[in-house]
Amino acid sequence: MFWFKKKQRIEVSDRPSTERISVIMPVLNEEKRLERALAGLAAQPEEVHEILVVDGGSTDDTRNIVARFSSQDHRVRVIDASPLDQRWTGKAWGLNFGLQRSNSASQWILCVDADVWSAPKLARSLLAHAHKSGVSTFSVATRQHLSGEIEALIHPAMLTTLIYRFGVPGTATRNRHKVQANGQCFFARRETLLETEAFRAAQSSLCEDITIARRLAECGEAVGFYEADHLVDVAMYNHWRDTWRNWPRSLPMRDQYFGWREA
């Protein structure tokens, strides 16, 4: 018989807090996904102090969508991060650009992608989990929405390979070779990110979430990866062909950063 240690989850909480969060969302031509993402963030309570949409130079309707939300919620504002420094990858550049311009009154940073749908209790639940678990750096294993039957076959199978290689979510580690991370929804103390320069460490990384997590672990931070109770949903791909094309590119990079090799 096999015995497994019970894994932790991020439980839903609506307990108010005096602490404040700055949200950073790097974007580039996200008009098709941004509206729903911003609606979820705008529904967060006062713990979310600001919502920074860091634009790398969009040419579609992205900025107009941000402007519309900003007119209704003063927390939402666009930050022009163009032109991209060619020494950086786009997402790492946007994360670091936003962090440097985040409000010092915020104790926490929440990084989310434009395809993330946030439940109204996400912010308070992340704060509650950080204090309950004692882990102040972690990401969320998001619930995935699929585009159709074919993706329903491909996507879960690909996710299963990650679990097989790296284990199920629910723990934290300081071992840089065992960290797990998901850049779609990442939460950490602002001071920690600034002191470790974790985003800068990922400036040329094609798998920035793992590089950031490894940098934090190298600096002594326990890095967690947890499932959540219907707090974060993601629709990564619009068509099964996108899944098939992008997953094979992602897995080798994650193998490299996790240090995994075929036996």
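Reply: A word on contacts comes before the questions: contact means heavy atoms within 4.5 Å. The model is a predicted one.

Me: How many helices and strands does the protein chain have, and what share of its residues count as buried?

Reply: The chain comprises nine helices and 12 strands. Among contacts with a separation of 6 or more, 85% join residues 24 or more positions apart. Of the 263 residues, the share that counts as buried is 51%.

Me: Which residues does Leu-193 touch, not counting residues up to four places away in sequence?

Reply: Leu-193 belongs to helix 6, residues 190-196. Buried means under 20% relative accessible area, and Leu-193, at 1%, is therefore buried. Beyond the residues up to four places away in sequence, Leu-193 touches Leu-99, Ile-109, Phe-186, Ala-188, Ala-198, Phe-199 and Leu-216.

Me: What distance separates the C-alpha atoms of Leu-193 and Thr-137?

Reply: Along the chain, Leu-193 and Thr-137 are 56 residues apart.

Me: Is Phe-187 buried or exposed?

Reply: Phe-187 is placed in strand 10, residues 185-189. Not counting residues up to four places away in sequence, Phe-187 touches Ile-21, Trp-108, Ile-109, Leu-110, Leu-126, Leu-127, Ala-130, Ser-136, Thr-137 and Phe-138. Thr-137 is 50 residues from Phe-187 in sequence, with 5.8 Å between the two C-alpha atoms. The relative accessible area of Phe-187 is 1%, so this residue is buried.

Me: Where is Ser-136 placed, and is this residue buried or exposed?

Reply: Ser-136 sits in the loop between helix 4 and strand 7 (137-141). Leaving aside neighbours within four places in sequence, the contacts of Ser-136 are Trp-108, Phe-187, Ala-188, Arg-189 and Glu-221. Its relative accessible area is 17%, and because the limit is 20%, Ser-136 is classed as buried.

Me: Which residues are in contact with Leu-38, leaving aside its neighbours within four places in sequence?

Reply: Leu-38 is a residue of helix 1 and takes part in the meeting of that helix with helix 2. Leaving aside neighbours within four places in sequence, the residues in contact with Leu-38 are Met-25, Ile-51, Val-53, Ile-65, Val-66, Phe-69 and Val-76.

Me: What is the relation between the directions of helix 1 and helix 2?

Reply: Helix 1 (residues 34-42) packs with helix 2 (residues 62-72) at about 25°, and their axes are 10 Å apart. The crossing of helix 1 past helix 2 is right-handed. Angles under 35 degrees count as roughly parallel, and the two helices are therefore roughly parallel to each other.

Me: Which residues of helix 1 and helix 2 meet, and how many are nonpolar?

Reply: From helix 1, Leu-34, Glu-35, Leu-38 and Ala-39 meet Thr-62, Ile-65, Val-66, Arg-68 and Phe-69 of helix 2. By class, this contact has two charged residues, one polar residue and six nonpolar residues.

Me: Which residues of helix 3 are buried?

Reply: Helix 3 (residues 90-100) is mostly covered, with eight of its 11 residues buried. These buried residues are Ala-92, Trp-93, Gly-94, Leu-95, Asn-96, Phe-97, Gly-98 and Leu-99.

Notes: Residues are numbered from 1 along each chain as its sequence is written. This is a predicted model: local features need pLDDT of at least 70, side-chain atom pairs count only at pLDDT 80 or more; totals for chains, interfaces and linings use all residues. Side-chain values use heavy atoms; hydrogens and water are left out. Axes are lines fitted to C-alpha atoms, for helices over the stretch in contact, and angles run from 0 to 180 degrees between N-to-C directions. Helices (H or I, at least four residues) and strands (E, at least two) are DSSP runs, numbered from the N terminus. Angles under 35 degrees count as roughly parallel, over 145 as roughly antiparallel, 65 to 115 as roughly perpendicular and the rest as oblique. A crossing is left-handed if the near helix is turned anticlockwise from the far one by less than a right angle, and right-handed if clockwise. Ala, Val, Leu, Ile, Met, Phe, Trp, Tyr, Cys and Pro count as nonpolar, Asp, Glu, Lys and Arg as charged, and the others, Gly among them, as polar. Buried means under 20% relative accessible area, exposed over 50%, partly exposed in between (1.4 Å probe, protein chains only).
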